[in-house]
Amino acid sequence: MSLSQKAISGAVWSALQNWGSQLGSLLIFLVLARLLTPEDFGLVALANVFLAFVQIFTDQGFPQALIQRQELEPDHIDTAFWTTLGFSSLLLLAGLLLAPVAANAFDRPLLTPILRWFSLLLLVGSLADVQQALLERQFAFRFVALRALLGLAIGGIVGIALAVGGAGVWSLVAQQLTTEAIGVVVLWRSSSWRPRWRFSRRHFQQLFRFGSNIFAFNFLGFINGRADDLLIGYFLGPTALGYYSVAYRILTMMTQVLIDTSNRVALPTFSRLQLDLDRLRSAFYKVTRLTSLLAFPSFLGIAVLAPKIIPIFFGPQWLASVPVLQILALAGIFRSVSRFKSAVLLAVGQPFWRVWIGLLAASLNLIGFAIAVRWGIIAVAWAYLIRACIMFPLVQALLNRIMQASVWAYLRQFMQPFSATLVMVVVLLLAERGVNALNLSVQLAILVGVGSLTYLGAIRLLAPALFQEFWGLIQAMLPKLKSKQT
């Protein structure tokens, strides 16, 4: 099977995983949002901040190093596994001991048992990291998809059952633990690799040279992705964090559905093209072009329709999340066209640039969030958007230099989808005035239909070649999808 065929097959299974898991996750999320309070979600979001911080120290960037290496020896894999397991075991103990300290810092005693249970996820996750990296390296994304979907389904059943039974915040804790545990079982049954009692210092050093940059980037990524949660939780409390986290959760779901389907396949694909700059640049342009075709109308559509989406699906108790979601959806536009840049830097063996980019973004985030948090969650969302606007041209200038590309050649990849999206937004705003007297659910259904038809028509008119390219990709994927299902 050629590299392009492997990439398409991987994209199919990655799409099944992302779309299936995100649809299932959304349905579970909607049910739990009706059964639980914003404070419950805020407490778990705060606990996840600490979990995300500690997880940075577990894999040391080794999974990405295993995927990126041209020549992979058995000692690389064994060393990565035992290193990851060893670090996670130590961090599990640290989490159990330090949970009361973190809970006292936020004056939330209930955080102590939540953090201790979440510490178990460190050990569980370490058992999955290397197995998943090997499967992704082999483009065996069907097993990765099975892990996500099965874990989500069983974890969702457990979480909803406990929420109905009145377990409150513990239903969210049990859901997360169950999901991860099921995922580990699936990966180990899907992979033939088993660790040997081997540890090689030489192979550790080889992995660490690459992985240390990933580790540094992940640390800075934590600041970028979690500093807002941490500051909101500390200064404004778990209820405010609950409102913010719901809006951010929607942004994350959209990103995973619309972008990560391709992004998961991007690193192994770009890595195989690292010695052919023309093909790498062409692949980067193509994935950017096709992703923006879906992401732009989705994010701007959410920004326009958020006042209807939140009360219909989550209930009126979540209305405070509406303006936050609208602002974050605008940031999602920059996020969508920037998502593949890190994969390019890793593929060409320059992960240190990601560290410097992450350092700048983290600094801007910390400064912006620290200033904005005193004015509430809406101001924090604006700070997030402003940082995205600043970082976008700077990172792209670096990539243009590495790939020997021009600014105009890059911008041209998504200008047509953006133009068609603006047409859709104008039509939506005009149509909204004509349906205001109708039931809120009816309004949303009509506007979604009008927006979708307008965008498809605009793309067909403004960018017929892009429309045909996207349709050709769908036709190429469908036979593979059908063959996988039979």
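Author: We may begin with the angle between two helices. Axes are lines fitted to C-alpha atoms over the stretch in contact, and angles run from 0 to 180 degrees between N-to-C directions. In this predicted model, helix H4 (residues 74-105) and helix H5 (residues 111-137) pack at an angle of about 170°, and their axes are 8 Å apart.

Reader: At what angle do helix H11 and H17 pack?

Author: Helix H11 (residues 277-313) packs against H17 at about 170°, the two axes being 10 Å apart.

Reader: Which residues touch the most other members of the largest nonpolar core?

Author: A nonpolar core joins buried residues through side-chain atoms within 4.5 Å. The largest one here holds 117 residues, and Tyr244, Phe314 and Leu328 touch the most other members. H11 supplies the largest share of this core, 16 residues. Neighbours within four places in sequence aside, Leu328 is in contact with Tyr244, Ala247, Tyr248, Leu251, Ala381 and Tyr384. Apart from this core lies another, of 20 residues, among them Leu66, Val124, Leu134 and Trp188.

Reader: Is Gln396 buried or exposed?

Author: Buried means under 20% relative accessible area. Gln396 has 6% relative accessibility and therefore counts as buried. Gln396 belongs to helix H15 (residues 377-403). Beyond four places in sequence, Gln396 touches Phe284, Lys341 and Tyr410.

Reader: Which elements have the lowest and the highest mean pLDDT?

Author: The predictor's confidence in each residue is given from 0 to 100. Helix H10 (residues 260-272) has the lowest mean pLDDT among the elements, 57, and helix H17 (residues 440-462) the highest, 91. For the chain, the mean is 81, and 83% of the residues reach 70 or more. Over residues 479-486 pLDDT stays under 50, and the model has 7 contacts beyond four places in sequence for them.

Technical notes. Residues are numbered from 1 along each chain as its sequence is written. This is a predicted model: local features need pLDDT of at least 70, side-chain atom pairs count only at pLDDT 80 or more; totals for chains, interfaces and linings use all residues. Side-chain values use heavy atoms; hydrogens and water are left out. Helices (H or I, at least four residues) and strands (E, at least two) are DSSP runs, numbered from the N terminus. Contact means heavy atoms within 4.5 Å. Buried means under 20% relative accessible area, exposed over 50%, partly exposed in between (1.4 Å probe, protein chains only).
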